[in-house]
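Have the sequence and the 3D view open as you read.

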Amino acid sequence: MRLSGPDLGDLTPTDPNRRLGVLARIHLDLPLLTGLVLVATFGLVVLYSASGQDMAQVERQLLRFGLAFGIMFGVAQIRPEQLSRWSPWLYLIGTLMLVGVLAFGDIGKGAQRWLDLGVIRFQPSEMVKLAVPMMIAWYLADKPLPPSWSRLGLAAALIIVPVLLIAKQPDLGTSLLVASAGIFVLFLAGISWRPILGLLTLAGAAAPVAWYLMRDYQKQRVLTFLGPEKDPLGAGYHIIQSKIAIGSGGIWGKGWLNGTQSQLDFLPERHTDFIFAVLSEEFGLVGVSLLLALYLFVILRGLYIASRAQDTYGRLLAGSLTLVFFVYLFVNVGMVSGLLPVVGVPLPLVSYGGTSLVTLMTGFGMLMSIHTHRKLLPR
Amino acid sequence: MQIKDHLREEQAFLGRAIIAGLLVILSLGLLLARLAQLQIVEHDHFTTLSKDNRVKLIPLPPTRGLVYDRKGVLLAQNRPAYSLELVPEQVKDIDATLQRLRQYIPISEDDLERFQRLKQRKRRFDSVPIRVNLDLEEAARFAVVRHLFPGVDIKAQLLRHYTSGTAAAHVLGYVGRISKKDLESIDPSNYAGTSHIGKTGLEKSYEALLHGAVGVQQVEVNSVGRIVRVLEETPPLPGQDLHLNLDIDLQKIALEALGDHNGAVVAIDPRTGGVLVLASKPGYDPNLFVEGVSSKAYKALREDRDRPLYDRALRGQYPPGSTVKPFIGLAGLETGTIRYDTSIYCPGYYQLLGHEHKYRDWKKWGHGPVDLDKAITQSCDVYYYKLAHDMGIDAMSGFLAQFGFGQRTGIDLTGESRGILPSREWKRRTKRQPWYPGETVIAGIGQGYFLTTPLQLATATAAIANNGHLMTPHVVAYLEDRQSHARSPIPPNQKTIPIHEQADWDDVRTAMSHVVKGLHGTAKRIRTDFYAIAGKTGTAQVFSVGQEEEYEAENASKKNRDHALFIAYAPIEDPQIAIAVVVENGGHGGSAAAPVARKVMDAYLLPRLYGDAADGLVDRKGGGTSS
């Protein structure tokens with residue numbers, strides 16, 4: 001797997017589809033698919049232990065995987081040009097739905113933020129996670145890169161609107177993910193370092209303002225992060241117990257189904273947001289390294305696909321989706337290991353639950369589409 | 001205009017992708033380093049912790065404070081209750097399980113509906129109640145077949161119960177299951193283990209004190225997680241008990257006295273601001289809400305035309321009508337617009353100079369010559385039309401504001417209405433219109449834009465009774481610590497209305513006494529020999545009467561009949577109770593509202609003034625002889 005090379009520009013005059021075999025013809029990328037399946041399988045093994053050996057729960061998750069992989073397969077069949085054409089509409093619909101959630105969501109005390117689709121439930125904010133990078137990529141791909149200052153300003157506004165709408169729900173975790181998806185597109189579009197540094201400074205300066213805007217429970221999370229011992233019954237308990245689970249796992253782990261922290265119920269939310277702690281306890285540093293290596297493989301493959309994409313839209317979108325996947329991973333592991341405050345972000349493809357799974361796999365479907373729909377036209 | 005340079009863009013992207021890739025590797029390296037720190041460097045430390053981690057923390061919810069009335073009658077208590085609960089995560093086919101359960105325990109459609117609703121709100125591994133308040137027999141029947149229902153179990157908990165039912169529903173409010181919205185305003189750790197929270201009334205406004213503080217039990221568990229022994233316990237701090245100024249017997253008497261009518265009665269101790277009665281009719285059963293009211297029952301309550309959920313005493317906004325006359329009379333005296341003996345002639349109507357419109361008096365043929373005493377005693381409208389016009393809206397609303405009209409009283413309950421004290425500024429702010437002289441005229445008899453709540457009327461009446469001390473009304477008299485029995489009283493809070501001329505106040509109070517004891521007083525029928533009452537009747541128009549029409553109470557359909565109002569305090573020489581009564585569609589204040597006040601005052605005052613001999617007195621006088 002190579003990220004760079006002087007020969008990237010020229011394509012061999014053979015049909016890439018035939019060269020890549022049968023999987024490519026149905027628009028699947030074998031290395032990426034392998035990486036995803038391996039992560040998911042590892043996840044199910046851990047879930048069996050984390051759920052207290054509840055096979056029913058594993059089956060339900062397996063069903064979700066099936067559905068999510070099906071959606072990925074379906075999305076992979078859509079041509080990137082089609083995705084590009086849909087981008088502004090998806091963005092518009094998604095943003096309008098967010099407004100709708102804010103306007104009418106209160107009626108059901110939050111219950112109406114969801115659309116129930118049987119096995120999984122759907123939130124407009126999930127759709128926006130994809131629509132924002134699509135929109136920004138579509139907008140920037142239109143004109144030469146790097147974008148001019150005025151276009152950059154408009155792109156920033158396009159990011160900020162849905163981010164604020166989600167933050168107001170309030171769902172801080174999701175709004176951070178959506179913001180990062182948009183910002184990654186800008187970064188990959190080659191904007192100069194000055195606005196990037198400016199943005200970072202601004203973020204630093206915004207921290208006190210954010211503190212003022214935060215709800216009590218959000219402030220609580222930050223305070224707990226700074227001093228978990230002060231709240232041993234609430235969120236602080238999560239972090240304390242999760243660190244014990246990870247630390248006591250050691251290099252080799254306590255063995256599958258043998259983690260005392262997990263099996264004896266000390267670890268809260270152990271099959272959802274804190275499942276990484278179960279893995280660390282039972283499989284040790286070795287297991288953790290293996291999982292992180294699998295994740296790294298998926299991410300690097302994603303970046304490779306991005307760099308091989310034939311048009312700007314595909315490049316920007318693929319790159320951004322891959323990096324968001326990384327943000328999930330980083331925030332979750334950082335939170336569970338006590339590096340970051342507790343934000344409700346699941347461990348991608350491993351945590352129990354279907355919402356983020358479907359979003360992520362749709363994204364990977366787009367990556368596969370971008371990679372397998374390349375033409376052999378010399379540009 | 002630049003031309004897209006594909007090669008250059010591709011190269012630029014590649015550069016950024018490489019940077020991103022390197023940052024990813026660097027970040028993952030950082031995570032790995034952190035994990036290595038925990039798993040290698042601090043491994044021994046955490047292993048020790050993990051081995052010692054036989055200790056689990058179990059939250060101990062505090063017991064909620066109780067609520068007593070002023071005589072010590074228990075109004076809100078905690079009753080042990082059994083509920084049948086199910087953990088969705090542990091049950092394969094929930095519908096089938098519920099059907100099977102029905103063979104043993106009756107489960108109604110309402111129960112099922114609530115179950116589905118709560119299940120939506122909770123996480124899959126939380127237990128969700130199916131049935132609440134199982135009786136012992138039902139609990140025993142389930143215990144026998146429990147092994148057939150994995151994931152279903154019986155839980156014992158304390159449930160709130162309101163002993164007075166509908167009588168004090170609005171004041172006490174109720175507790176309900178903690179919702180997502182509630183969670184945003186509380187400390188979740190302190191509510192770990194608590195399932196209910198105050199939603200309305202005192203339960204809401206005193207939530208923090210009633211709830212108490214959560215306790216923690218440290219227990220040692222064995223290798224399969226079963227509790228071996230309790231290591232250490234920080235007991236929960238029970239919530240404080242509320243002792244109210246409210247007298248539940250008096251409250252019931254007030255409600256009963258309202259008869260078939262909707263309405264509100266508020267009685268206040270003018271010396272302290274303590275709320276003796278805060279009654280709104282019709283009421284509802286707050287116990288319905290404790291375990292989650294079914295949406296059918298809730299819909300019925302909401303759509304009931306009589307609006308039982310609505311707290312008329314606190315939120316109902318009624319035109320004060322003539323009950324505002326003592327206040328406006330006092331305003332006239334204190335601003336120097338009139339003197340007590342200033343006399344005018346009342347021909348039965350009033351006209352502004354240069355206007356055709358006739359402002360009519362309730363007495364068609366007029367009162368003849370009227371001074372302030374007669375204007376209050378017989379409730380002459382023309383006198384007040386002129387007084388209001390002469391005084392002007394600015395002076396009038398400025399003076400009335402001192403009595404708290406148009407403002408929240410600051411009672412220790414949430415959700416009270418402000419009412420409207422009409423003023424030039426108010427109209428410009430809300431309607432963006434100038435003030436018209438005719439509006440001053442009708443404001444003089446408490447009509448037009450003027451709106452007050454029964455609570456405001458009672459508070460203002462108390463301020464007349466105690467010579468200018470506007471006491472902030474409060475329902476709670478003191479809090480009592482369950483363990484130490486230490487009492488923390490709520491200190492009275494007051495604003496003092498500046499008195500320009502003491503004689504003015506005395507004169508208005510004298511006129512109010514004539515309303516009851518005078519030969520032509522509008523409330524003469526509630527006169528009693530046992531104590532002296534000062535009061536004022538009022539009638540609030542529900543619909544307006546045309547210029548040449550006449551309002552005939554007898555013929556108007558019940559819904560269109562006027563609201564009857566009455567304010568009073570007693571005994572005059574040492575006021576112990578101030579009261580405001582609103583009888584919706586009751587007709588005249590003197591015949592419909594005043595007797596209600598009399599019954600409440602009898603019940604409150606006679607035992608205080610005459611001790612044990614009071615029983616005979618109430619019977620003989622019948623608590624107000626009028627209809």
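pLDDT is the predictor's confidence in each residue, from 0 to 100. Two residues are in contact if their C-beta atoms, placed from the backbone, lie within 7 Å. In chain B, residues 619–627 also have a pLDDT below 50, with 15 contacts beyond near neighbours in sequence. Where pLDDT is low, the predicted coordinates should not be read in detail.

**Model and numbering**
- This is a predicted model: local features need pLDDT of at least 70, side-chain atom pairs count only at pLDDT 80 or more, and totals for chains, interfaces and linings use all residues.
- Residues are numbered from 1 along each chain as its sequence is written, while chains are lettered from A and ligands numbered from 1 in the order in which they are written.
- Chain B has a mean pLDDT of 86, with 92% of its residues at 70 or more.
- For the complex, the predictor gives an ipTM of 0.87 and a pTM of 0.62.

**Chain A overall**
- Chain A holds 15 helices and two strands. These are DSSP runs, numbered from the N terminus: helices are H or I with at least four residues, strands are E with at least two.
- Of the 379 residues in chain A, 50% are buried. Buried means that 20 or more other C-beta atoms lie within 10 Å of a residue's own; exposed means 12 or fewer, and partly exposed is in between, with C-beta atoms placed from the backbone.
- Among contacts in chain A with a separation of 6 or more, 73% join residues 24 or more positions apart.

**A helix pair within chain A**
- Helices α6 (residues 124–141) and α7 (residues 149–167) of chain A have axes that come within 10 Å and cross at roughly 175°. Axes are lines fitted to C-alpha atoms, for helices over the stretch in contact, and angles run from 0 to 180 degrees between N-to-C directions.
- That angle makes α6(A) roughly antiparallel to α7(A). The cut-offs are under 35 degrees for roughly parallel, over 145 for roughly antiparallel and 65 to 115 for roughly perpendicular; the rest are oblique.
- The α6(A) side of the contact includes V128(A), V132(A) and Y139(A), and the α7(A) side includes L158(A) and P162(A).
- The residues of this contact between α6(A) and α7(A) are eleven nonpolar, one polar and no charged. Ala, Val, Leu, Ile, Met, Phe, Trp, Tyr, Cys and Pro count as nonpolar, Asp, Glu, Lys and Arg as charged, and the others, Gly among them, as polar.

**A helix pair between the chains**
- Helix α13 (residues 275–308) of chain A packs with helix α1 (residues 6–41) of chain B at about 175°, with their axes 10 Å apart.
- This makes α13(A) roughly antiparallel to α1(B).
- The contact of α13(A) with α1(B) has 19 nonpolar residues, six polar and no charged.
- The 36 residues of α1(B) should span 52 Å at 1.5 Å a residue, and the end C-alpha atoms are 50 Å apart, which agrees. The expected span is 1.5 Å times one less than the number of residues.
- Buried residues of α1(B) include F13(B), A17(B), V24(B), L28(B), L31(B) and L35(B).

**Backbone points in chain B**
- Most residues other than glycine have a negative phi, and most peptide bonds are trans.
- The K281(B) to P282(B) peptide bond is cis, with omega near 0°. P282(B) sits in the loop between β14 and α11 (287–290).
- A570(B) and P571(B) are joined by a cis peptide bond, with omega about -15°. P571(B) sits in the loop between β24 (563–570) and β25 (577–583).
- R432(B) is not a glycine, yet its phi is positive, about 55°. R432(B) is exposed, with 7 C-beta neighbours inside 10 Å.
- N467(B), also not a glycine, has a positive phi of about 60°. N467(B) is partly exposed, with 15 other C-beta atoms within 10 Å.

**Two buried residues in chain B**
- A279(B) lies in strand β14 (residues 275–281). A279(B) is buried, with 32 other C-beta atoms within 10 Å.
- Beyond four places in sequence, A279(B) touches residues including Q251(B), L255(B) and A313(B).
- S423(B) is in the loop between α17 (393–401) and α18. S423(B) is buried, with 20 other C-beta atoms within 10 Å.
- Beyond four places in sequence, S423(B) touches I393(B) and S397(B).
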